[in-house]
Amino acid sequence: MNLFHPDPLPPEGAERCETLLERPGLRVERIVSNRHYGSHWYDQQEDELVLLLRGDCTLEFERGAQLPSGAPAELTAPLTALLGRAAFPPQPPVRPAAPPEGPLLALTPGEPLLLPAHLRHRVRSAGLHSPAVFLCLFFEARR
């Protein structure tokens with residue numbers, strides 16, 4: 001398996017989730033989106049560290065939500081060391097045509113984002129220019 005090159009791709013308009021590792025208190029997934037527009041709002045029990053490896057993605061957050069900014073170094077340093085900065089070429093942000101209900105955040109490949117538990121969000125669009133590949137770590141929320 002190559003994290004950057006999913007084979008086969010999900011059908012256009014869809015996404016595919018694959019669990020790569022599951023341990024008590026930790027789940028690692030690879031998510032591949034192919035011209036996907038999400039409508040489902042997530043309200044997760046656990047924290048999620050999202051890393052866009054390739055492609056484009058715009059997240060939408062519930063109206064009035066405090067936008068997350070980056071992720072703590074203790075979470076991202078091992079990923080940066082493992083994957084290397086050269087693996088993440090810059091991609092242009094994508095803005096959806098329909099008006100959003102809440103604030104938008106365009107993800108940049110290689111820049112991790114920590115989504116705290118219960119921060120309501122959805123994938124506004126992903127993989128519009130080329131399939132989007134995500135590495136997501138789900139772990140117990142800090143109280």
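Glu15 stands opposite Ser33 in β2. That pair belongs to strand β1, residues 14-23, which runs antiparallel to β2 over nine bridges. Strands here are DSSP runs of E with at least two residues, helices are runs of H or I with at least four, and both are numbered from the N terminus. Two strands count as paired if DSSP finds at least two bridges between them.

Before going on, the source. This is a predicted model, where local features need pLDDT of at least 70 and side-chain atom pairs count only at pLDDT 80 or more, while totals for chains, interfaces and linings use all residues. Residues are numbered from 1 along each chain as its sequence is written, and side-chain values use heavy atoms, with hydrogens and water left out.

Back to β1 and β2. They form a hairpin with two residues between them, and Gly25 in the turn has a positive phi of about 80°. On to β8, residues 132-139: eight bridges join β2 to this strand, and the two run antiparallel. One place to look is Ile31, which stands opposite Phe134 in β8.

How many of the nine residues of β2 are buried? Eight are, so β2, residues 26-34, is largely enclosed by the rest of the structure. Buried means under 20% relative accessible area, exposed means over 50%, and partly exposed is in between, with a 1.4 Å probe and protein chains only.

Now the chain overall. The protein chain has one helix and eight strands, and along the sequence the pattern reads β-β-β-β-α-β-β-β-β. Of its 143 residues, 44% are buried. The accessible surface comes to about 7900 Å², and carbon and sulfur atoms account for 54% of that; the areas come from the Shrake-Rupley method with a 1.4 Å probe, and for residues only the protein chains shown count as cover. Taking contacts between residues at least 6 apart in sequence, 79% join residues at least 24 apart, a contact being heavy atoms within 4.5 Å.

Next, the sheet around β4. Three strands form an open sheet in the order β5-β4-β7, with antiparallel pairing. β5 and β7 stand at the edges with a single partner strand each, so one side of each has no neighbour in the sheet. From one strand to the next the twist averages 25°, with axes as lines fitted to C-alpha atoms, for helices over the stretch in contact, and angles from 0 to 180 degrees between N-to-C directions.

β4 pairs with β5, residues 104-107, over four bridges. There Cys57 stands opposite Leu107, and the bridge partner of Thr58 is Ala106. On the β7 side, residues 121-126, five bridges join the strands, and Phe61 stands opposite His121.

In a regular strand the side chains alternate between the two faces of the sheet. In β4, Cys57, Leu59 and Phe61 point one way and Thr58 and Glu60 the other, and all are buried. Five of the five residues of β4, 57-61, are buried, so this strand is largely enclosed by the rest of the structure.

Cys136 is in no disulfide either, the nearest cysteine sulfur being that of Cys17, 7.8 Å away. The structure holds zero disulfides, a disulfide being a pair of cysteine sulfur atoms within 2.5 Å. Cys57 is buried at a relative accessible area of 2%, and Cys136 is buried at 2%.

Last, salt bridges: a side-chain nitrogen of Lys or Arg within 4 Å of a carboxyl oxygen of Asp or Glu. The count by this rule is eight.

Glu60 forms one with Arg124, the closest N and O atoms being 3.2 Å apart. The pair links distant parts of the chain, with Glu60 in β4 and Arg124 in β7, 64 residues apart. Glu60 is buried at 0% relative accessibility, and Arg124 is buried at 10%. Salt bridges with shared partners join Glu60, Glu101, Arg122 and Arg124 into one network.

Arg27 and Glu29 form another, with closest N and O atoms 2.9 Å apart, and both residues are buried.

Arg35 pairs with Glu12 at 4.0 Å between the closest N and O atoms. Arg35 lies in the loop between β2 and β3 and Glu12 in the segment before β1, so the pair ties together parts 23 residues apart in sequence. Arg35 is partly exposed at 39% relative accessibility, and Glu12 is exposed at 63%.
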